[in-house]
Structures are given as C-alpha cells and as structure tokens.
Amino acid sequence: MVDEAKSQKPRVGVYICHCGTNIAGSIDIKELEEFSKGIPNVVRVDEYQYMCSTPGQKKIEEDIKEYNLTGVVVAACSPRLHEPTFRTASKEGGLNPFRFEMANIREQNSWVHMHDRQGATDKAKDALKMAVAKASLLEDLYPKSVPVEHTAMVVGAGVGGIQAALDLASSGIKTYLIEKSPTIGGRMSQLDKTFPTLDCSQCILTPKMVDIDRHPNIELMTYTEVEKVEGYIGNFDITLRKKARGVLTPAEAEARGIVGGGCNGCGDCEGVCPVIKPNPFEMGMAPRKAIYIYHAQVVPLIYTVDFDSCVKCNLCVDICGDKKAIDLEMQDEFVTVKVGTAVLAVGYELFPVEKKTEWGYKRYDNVINALEFERLICASGPTGGKVIRPSDGETPKRVGFVLCAGSRDNTGIGKPYCSRFCCMYSLKHAHQIHEKIPGAQPYIFYMDIRSFGKMYEEFYYRIQDEGAKFIRGRVAKIEEDPITKNLHVITEDTLLGQPVDIELDMVVLASAVQPTAETTHVRNLFGISCSGDGWLLEGHPKLNPCGTTTAGVFLAGVCQGPKDIPDTVAQAEGAAAAASIPIHVGEVELEPYFAMCIEEKCAGCGMCIDQCPYSALALVEKDGREVMQVTEAKCKGCGTCGGFCPGGAIWMQHFSTPQIVAQIDAFLLGGEQ
Amino acid sequence: MAKAKGYSDETLSVRLADRYYRPEESSDDFLENVEKISMTIPHMCYQCGTCTGSCPSAPRSSYRIRKFVRRAVLGLENDALTDPDLWLCTTCYSCTDRCPRDIAPTDVIMAMRNLAFKREIVPRNFLNTVQFIYKTGHGVPNNDVNRAARVRLGLEAEPETTAKYPDFIPGIQKILDHYGLKDKADEILAEGQ
C-alpha cells in the first residue's frame with residue numbers, strides 16, 4: 001500500500017475538527033470544507049465534532065484504505081496536543097505516521113480571533129492549503145532506536161536528590177549521587193523542625209542519609225561537581241571534578257597501599273588545626289577549622305581540608321599518624337561516567353535580603369534571616385538551641401516575623417514569585433518562640449497567609465490560638481533604637497487602616513528564595529532551559545512537571561521552583577520514576593527529524609560544525625575528501641545547519657526545503673506550483 | 001525610641017503627635033475581658049469580613065463589626081468603647097450564624113457594650129430604653145396604634161407580657177435593681193442635663 005502510494009500522484013485527505021464550539025464557534029466549518037475540496041491533491045474532505053475521539057480517528061483509518069491516501073491533514077488544535085493521536089491513527093490505517101500533517105486552527109486561530117468569524121475562516125483556509133502542500137510532499141520516515149545505559153545520575157544531594165537516588169537505586173539502577181558540598185543533606189539538614197508535624201528535621205532525614213551511604217546501587221560522590229556533559233538520552237558521558245579534599249577515605253587509603261588507614265572521623269586533626277573560619281552550615285554563626293566537618297551527623301563522615309585557608313603547618317598530618325588519612329598535596333581529579341538519564345536536584349539559596357535596605361538586614365544587629373533563626377533555635381546549633389539577640393545575647397521576648405521579605409516584589413530587586421514555604425515556617429517559628437521562651441509574644445507581619453498543604457490551615461489555626469499576633473501589612477521599614485538596639489517595625493494594619501509602630505527585640509526576615517549561583521552553569525552543561533525567574537524549566541507546567549525539554553534530563557525539588565519538603569520529595573519520586581523508564585525499557589526511539597548530508601553537494605567547508613548547538617556534526621573523510629557527517633542520535637533537528645549551509649547540502653528530514661517552499665508557494669500563490 | 005526633638009508648646013506636641021498604633025499604649029487585658037464576658041474567641045478572627053457582609057446595619061451606617069473584633073485583638077479599648085458605632089448592632093446574630101471560624105461576633109459587641117457601660121459610655125436613647133423597661137417591662141411599650149392594629153388582626157389589644165400582666169413588673173424591676181442598671185441610667189441621664 002505504502003509502496004504503491006509512493007509512486008503515484010499525491011492523494012491527501014483533509015479532516016476538519018469542530019472541537020465542540022472551540023473551533024466551530026468562530027470558524028465557518030462548512031465554508032472551510034467547501035474550500036478544501038478545491039485544494040490541489042485533495043481527494044477527500046470530512047469534518048467531525050471531535051476528530052480526536054475514536055469515531056474521528058476511525059474516519060482517518062478507513063479513508064486511508066478507501067481513498068488510497070498518501071497524506072493526511074487534520075485541521076484542529078496544536079500538534080503539541082494531538083499530533084501523536086493522529087499519527088497513530090494514520091499508522092493504524094496503513095500509512096507511515098510521518099505522512100500526517102496538522103493545521104493548527106484553534107490555539108493560533110479560533111481562540112485568538114474569537115470575534116472575527118470571516119477573518120478566522122480566511123486564515124484557516126490559508127493554514128489548510130499550506131498543510132496540504134506540505135502533506136503532498138511528505139515522505140516515509142522511520143524513527144531510530146538507541147540503547148540506554150543502565151545507570152543514572154542525580155546531581156545534588158539535598159532531600160530531593162537523596163529521594164530520587166534512593167528510588168532509582170532501589171529499582172535496580174546503578175546511580176551516581178553527586179554533591180558539591182562535603183556532606184549530603186542539603187538545606188533540610190540545617191532546619192530544626194518541620195511544619196506542620198514539628199518533626200525534628202535531622203531525625204527524619206538522617207535515616208535516608210544513612211541509606212544512601214549503605215545502598216549497594218548508589219555511588220555517592222561528595223565534594224564533587226559536574227564538569228562536562230556530552231551525549232544524549234541513553235548515552236550521556238559526564239565528566240566529574242572530584243575536588244581535592246585533602247583527606248583519604250579508608251577505601252582510597254587502601255588503594256594507596258595504606259592498610260587500615262584513611263579517615264575514621266575521629267576529629268583529632270580538627271583539635272590541632274590553628275586556622276579558624278566561619279562555618280557556612282551554621283550560617284557563619286559558629287567557627288570551624290581549616291580541616292573540618294560541617295556537623296556531627298555528616299554523611300560521609302570524612303574530614304575536608306579547606307585549601308583556601310589551610311596554612312600547611314602539617315599539625316593535622318602529624319596527629320593523624322599511621323592512618324595517613326591527610327594528603328595536603330592532593331589535586332582535583334577528573335572521572336568520566338556513562339549514564340542513561342540524569343536528575344537535577346540542585347536546590348536553592350536565600351535571596352540576599354540586605355538588598356532590600358528598608359529592613360536593615362546586615363545593618364541592624366537584631367534583624368536576622370530565617371535560616372539563621374533555624375540554626376539559633378536548633379539544639380545542635382551554635383547556641384545549643386537558646387534563642388538570643390545578636391546585639392547583647394539577651395533572650396528576646398517580642399519577636400517579629402516579616403513575610404514576603406523579597407518575594408512578590410516587582411521592583412527588580414526582589415523576586416516576583418511567591419517563595420511558597422515562608423508562611424508555613426514562620427508560623428512554625430512563632431510556635432517555637434512560644435514553646436521555648438515563656439511569656440514571649442510573636443508578631444507575624446503578612447500580606448496573605450498561604451497555608452495550602454495538608455494540615456497546613458489547621459496549623460495556622462493552632463498558632464493563632466497560641467496567641468501569635470497577626471498584623472496584615474507588608475513591613476514598610478524597620479528602625480533601630482541606637483541605644484537599646486530594639487527594632488521599630490513600621491507598617492499599616494490594613495485591616496484597621498492605621499499605621500502601626502511595633503517595638504520588638506528581634507526581627508526574623510522570611511527571605512525569598514532564588515536559584516543557587518551554580519544553577520546557570522549546571523543548566524548550560526545539561527542544555528536545559530530556565531523560566532524568566534531563573535528556575536529550571538519543566539517540560540510542561542502541568543503535564544510534564546518532572547521532565548525537561550532535553551530528553552533524558554529530569555528535575556526534582558526547588559531548582560524547578562519554590563516548594564516545601566513534601567512537594568520536593570513527591571517530585572523527586574516522580575523524576576526518579578520518569579528517569580527509570582527509558583533505562584528499564586532499554587532503548588529509546590528518537591524522532592527522525594535529524595539533518596542529513598547530501599554528500600555530492602557538500603564542499604567539506606566545516607562551517608556548519610560550529611553552528612550546531614548539540615555538537616552533532618563532524619567532518620569525516622569519505623572517498624578521498626572531507627564531508628560532514630551527522631550523529632543522528634545527537635541531532636535535535638533544529639535546522640540551524642540546514643538554514644546556514646552555503647551549498648544547500650544539508651537536508652532536514654520532515655522540514656526539507658521543497659516542503660517549506662511548497663508551503664510558502666501555497667500561501668502566496670494559492671497552491672499553484 | 002529615644003525622643004530627641006519636641007515642640008516647646010505642649011499643646012502643639014499633642015496636636016501634631018503621630019497616630020501610630022503602638023502595642024505598649026494599648027490595653028493589656030481588653031481582649032481577655034472581652035473573651036471572658038462574651039465566652040467566644042475573637043482572637044481566632046482572620047478578618048474575612050463575612051460578619052460585616054451579613055450585617056443589616058453595615059450598609060446603612062459606618063458600623064463595621066469586623067473592625068471591632070480587630071480592635072479587641074489589638075487591645076484598642078478606647079477606640080472600641082468610645083466609638084458610637086458600637087451601639088448600631090441590632091443583635092440579629094446573622095454574623096454569628098455565618099462566621100467561618102465559629103466566633104460569635106454579636107457576643108463580642110455585647111461584651112464591649114458591657115465594658116463601655118461600666119465606664120459610663122452609653123448613648124442616651126439606650127438609657128431611656130432602660131427606664132422604659134423598668135417602668136413597663138418593654139423597651140418599646142405598647143401604644144394605641146399598636147393596640148388598634150392588634151385588634152384589627154383579631155388579637156387581644158395587649159400581648160401576653162407585662163402589658164397584660166403588670167403584676168410581674170416588680171419582678172423585672174428587682175432584676176434591674178440587682179444590677180443597679182436603672183439607678184446607673186438615671187444617674188448618667190441626670191448628669192447630662
């Protein structure tokens with residue numbers, strides 16, 4: 001049938017979808033139908049309420065046989081929605097699925113020209129005759145399958161990355177878990193308690209951290225960064241930089257022939273090290289040495305040398321003795337691993353809220369941010385869980401929590417989005433103040449309380465019942481009493497319509513969150529996009545929230561947009577499931593839209609090679625001369641090379657020059673060629 | 001905050017002083033007292049406005065019951081008790097029926113009126129009503145127009161109340177005397193003459 005079709009004159013079937021009234025409400029279907037009958041090569045025209053329904057698809061399948069069609073055109077919605085549906089229908093009817101062409105008369109027509117029926121109908125006619133012109137020249141194409149490596153990588157080992165790695169590994173996939181810090185755990189390990197259950201954050205996270213360390217399918221690589229990413233879905237070659245840690249694990253020591261040596265986490269080195277630096281895990285509120293661990297529960301329990309501050313006095317080396325765990329001459333190492341798919345879980349950081357100068361962060365002693373508060377109220381934190389005023393070490397009695405500190409801000413200084421979890425952790429902070437400081441009075445300055453999750457609104461009710469005062473008004477400014485170092489928080493109580501001036505002992509700013517400084521770098525390495533606010537862009541905001549536009553790369557956690565722990569864990573499990581599918585299937589089908597070199601036309605100039613954003617092109621020697629060659633699996637069919645080639649030697653499958661010219665002719669000349 | 005500047009003229013200082021709400025200038029026990037008297041929970045109010053939306057007085061006056069609840073939460077005793085709007089509630093209880101946080105705003109208003117009365121802040125017409133109740137057992141005693149209407153409808157001229165059974169009026173007077181309500185009303189009304 002198909003072979004027969006190839007040799008004959010094009011015979012195109014046209015199907016017009018009403019989409020209920022979505023299309024029929026603004027386009028004259030009858031007029032469009034009559035018009036279609038006169039388009040060259042059209043041998044069959046039909047219309048239906050919903051072409052995507054089973055009866056609609058049946059029409060196509062039956063007509064292909066009855067009218068011996070060589071091409072099918074459906075005028076309906078966006079191909080992003082139903083192109084796969086109609087391709088399948090064409091295939092069922094015995095036609096190569098790539099001989100189907102869609103004319104978008106909904107998103108690009110009826111929805112935008114709702115009040116111009118004639119204009120919309122005329123535009124639909126143009127779209128249809130262009131689609132028929134292309135369908136007349138479509139060729140049989142066959143997707144290629146490539147094998148998929150049975151390994152995965154997770155970048156970032158906060159709670160999202162940890163969950164994704166555990167899920168991937170537990171489904172039988174060897175998983176590399178990459179973390180830039182010396183320990184895993186991420187932001188969650190810095191938190192004291194979690195809302196709304198008030199679980200101790202470390203207590204619920206450490207079992208998962210230990211599981212990571214023990215899982216036979218997980219290769220944990222801390223203090224490691226992604227250096228280079230090559231390849232495509234199923235076959236990524238990822239080069240990792242193992243940063244010089246200065247300390248050997250027992251395994252690394254054994255590899256060097258030091259039996260029974262390596263770091264056992266005893267901490268003797270830390271005791272003798274003379275260099276003191278602020279500990280970033282404690283938000284700089286506690287000291288660490290030049291050889292350090294962040295906190296007592298680190299995984300892996302291996303010390304790290306900060307070579308930027310180490311003075312190489314060798315005291316640590318001496319005290320380490322026979323374990324010979326410390327090597328102050330260590331250099332960065334590079335390793336390349338092959339993985340089938342990757343999950344990015346690179347997290348977030350706090351917006352530098354000092355940029356909003358009216359709140360005085362970093363100017364007033366007693367204005368702190370929420371992560372600093374977490375460390376101050378945490379029993380394992382720098383004060384042993386005793387909340388104190390930075391200015392004088394006194395216990396604060398009146399504590400203010402400023403919400404939307406940099407969020408919902410369209411000035412260009414702050415962030416336009418809602419950071420989503422600040423309302424809830426500030427409610428939790430208010431509770432903790434009540435719990436830990438007798439007679440304390442928390443004030444919450446808010447615009448809206450967004451308590452959207454399960455048991456969140458009930459938590460809000462509880463905190464209000466405990467006596468927290470809620471002032472609805474965004475804080476306009478904070479002024480510091482220069483003598484007492486108390487703070488005057490000034491805003492309007494918008495419910496009262498009156499300006500308020502509340503004197504407080506301490507103010508906690510619920511800073512907005514933003515992508516980490518490294519996010520752009522990682523994003524570029526993996527070739528994925530970001531939305532206008534800098535967060536990594538999902539494949540589809542509703543229907544593909546864990547995927548990306550790059551096949552084989554998935555997203556988990558806040559790096560895709562602000563979310564709390566339950567949402568992060570849920571997305572991580574979704575991303576892990578999605579990332580495991582191609583691996584378990586064992587091969588992936590690539591759309592056959594790749595470029596092809598017409599070798600007799602290629603002059604071997606090689607100018608296309610630098611144009612290619614996917615490194616898919618190369619010059620190879622053939623019959624004594626150089627010609628371009630496409631690695632089909634890498635090519636995304638973007639057409640950059642095809643449009644650029646000075647000799648017209650690059651043929652873009654499914655978007656070939658004759659096909660595109662035919663469409664232009666159809667539009668300008670009404671279909672005559 | 002240390003005050004560095006001021007006006008030499010004290011009256012000017014008062015007149016030009018800012019009108020910020022400051023917790024230290026508010027009443028510490030106002031909310032507590034209101035909750036004790038009203039036996040409801042204004043501190044749980046999230047200021048949705050269902051009460052004001054339900055209120056038959058609100059569209060005809062500047063009375064906003066939501067605002068009174070807010071004043072209770074913030075301890076703004078003077079603002080609440082001296083606001084004449086406090087007396088515009090008809091106690092229809094529509095707000096109490098609909099409050100999503102299950103607060104009884106009507107009872108909050110009643111509690112505030114109670115506290116206001118203790119401070120002798122009360123409109124004269126309410127005191128007149130007290131005197132009518134003392135005298136007749138009714139805030140609005142029966143009158144000839146009413147009696148004629150009742151007869152037209154086939155009812156007795158006097159309803160089944162103290163209007164028909166004046167013997168019970170001394171009992172009502174006893175209750176009012178127990179709380180000193182009548183004496184207090186007479187006293188305040190006399191002061192205003």
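Modeller: Gladly, and one term first: contact here means heavy atoms within 4.5 Å. Please also keep in mind that this is a predicted model.

Colleague: Okay, then which residues is A:Asn486 in contact with, leaving aside its neighbours within four places in sequence?

Modeller: With those neighbours set aside, A:Asn486 is in contact with A:Arg389, A:Arg398, A:Glu479, A:Glu480, A:Asp481, A:Glu503, A:Leu504 and A:Asp505. With A:Glu503 there is also a polar contact of 3.0 Å, which joins the two side chains.

Colleague: And where is A:Asn486 placed? Is A:Asn486 buried or exposed?

Modeller: A:Asn486 lies in the loop of chain A between strand S24 (477-480) and strand S25 (487-493). Its relative accessible area is 10%, and since buried means under 20%, A:Asn486 is buried.

Colleague: Switching topic, how many residues of helix H12 of chain A are buried?

Modeller: For helix H12 (residues 370-377) of chain A the count is 8 of the 8, so the helix is largely enclosed by the rest of the structure.

Colleague: What covers those buried residues of H12(A)?

Modeller: The cover includes, from chain A, the strands S8 (193-194), S19 (348-350), S20 (367-369), S21 (398-405) and S27 (506-511), together with helix H13 (422-436).

Colleague: What happens at the start of H12(A)?

Modeller: There, a side-chain oxygen of A:Asn369 reaches to within 3.1 Å of the backbone nitrogen of A:Leu371.

Colleague: Last one, which domains is chain A divided into?

Modeller: The division gives domain 1 (2-143), domain 2 (151-243 + 334-347 + 516-587), domain 3 (250-331), domain 4 (349-514) and domain 5 (595-653). Taken over C-alpha atoms, the centres of domain 1 and domain 4 of chain A are separated by 58 Å.

Technical notes
Residues are numbered from 1 along each chain as its sequence is written. Chains are lettered from A and ligands numbered from 1 in the order in which they are written. This is a predicted model: local features need pLDDT of at least 70, side-chain atom pairs count only at pLDDT 80 or more; totals for chains, interfaces and linings use all residues. Side-chain values use heavy atoms; hydrogens and water are left out. Buried means under 20% relative accessible area, exposed over 50%, partly exposed in between (1.4 Å probe, protein chains only). Helices (H or I, at least four residues) and strands (E, at least two) are DSSP runs, numbered from the N terminus. A polar contact is a pair of N or O atoms within 3.5 Å; within protein, one must be able to donate a hydrogen and the other to accept it, and residues adjacent in sequence count only if both atoms are side-chain atoms. Domain bounds come from an automatic or database domain assignment.
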